[in-house]
Amino acid sequence: MEAGGETLQSYQSHPYVPKDLDLPGFVPGFLSQSTILGVYGLSSLLVVSLVWFLTGRLSKFQKIDRLLVCWWLFTGLTHMILEGYFVFSPEFFKEKTSCYLAEVWKEYSKGDSRYAARDSGVVAVEGITAVLEGPACLLAVYAIAAGKSYSIILQLVISLGQLYGTAVYFITSYLEGDHFAASLYYYYAYYIVANASWVVIPTLIIIRCWKKICAAFRVQDKSKAKIR
């Protein structure tokens, strides 16, 4: 009876769906939603503003390049720090201190409990994102700043990876019933809106890179025609 009581208590002590999700040792979050979102928003704004200011002092940077540098640095740090913590901290829900990164995932799991449950598909997607795409994003920052010839190809590859990962993330949820949010509010605020940037922005970058590559080939074809 005692063992059963402990199991029942573990089921009822967390705010996630399904209610019978077994999270033994779960510790409720210490920080409020406003604090978690505020810290993330302000830190992101600080990074983006600093990059925007620094790139503005260099005349070689066009406005689109400045925006891209801001995006790649923001998304790269997000992948490596936030998602990296999730991947390598399988028991974040047991964290007994107000560790900010653990608090982020305790809160986000209200929108998608697969994170708290360590769903294998989610862990795989986030692992690839944190370990491969995160550093690649920082390489893209360097490539743009240094004017490297591989910059466009690199951005295209990373954006395709981000779009593919996001598609897998949504599709696997749909195939599994899409019932992982604690409420409609968390479903739209966290699951939909919070991930929208990684659909819209990579798509725009892919279109831009495609046009750049096509334009380069047209120039090459014209050069070959003149030589002939």
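Q: Is Tyr-186 buried or exposed?
A: Tyr-186 is buried, because its relative accessible area is 18%, and buried means under 20%, exposed over 50% and partly exposed in between, using a 1.4 Å probe and protein chains only. This is a predicted model, where local features need pLDDT of at least 70, side-chain atom pairs count only at pLDDT 80 or more, and totals for chains, interfaces and linings use all residues. Residues are numbered from 1 along each chain as its sequence is written, and side-chain values use heavy atoms, with hydrogens and water left out.

Q: And how many aromatic pairs are there?
A: The structure holds 22 aromatic pairs, where rings of Phe, Tyr and Trp (its six-membered ring) pair if their centres lie within 6.5 Å, and planes under 30 degrees apart count as stacked, over 60 as edge-to-face and the rest as tilted. One of them joins Phe-86 and Tyr-115, which is tilted because the planes are at 55°, with the centres 4.8 Å apart.

Q: Which parts does that pair tie together?
A: Phe-86 lies in helix α3 and Tyr-115 in the loop between α4 (100–108) and α5 (120–146), so the pair links parts that are 29 residues apart in sequence; helices here are DSSP runs of H or I with at least four residues, numbered from the N terminus.

Q: How accessible is Phe-86?
A: Phe-86 has 0% relative accessibility and so counts as buried, and Tyr-115, at 2%, counts as buried too.

Q: What does Tyr-186 form with Tyr-185?
A: They form an edge-to-face aromatic pair, 5.1 Å centre to centre with 70° between the planes, and Tyr-185 counts as partly exposed because its relative accessibility is 47%.

How values were computed:
Helices (H or I, at least four residues) and strands (E, at least two) are DSSP runs, numbered from the N terminus.
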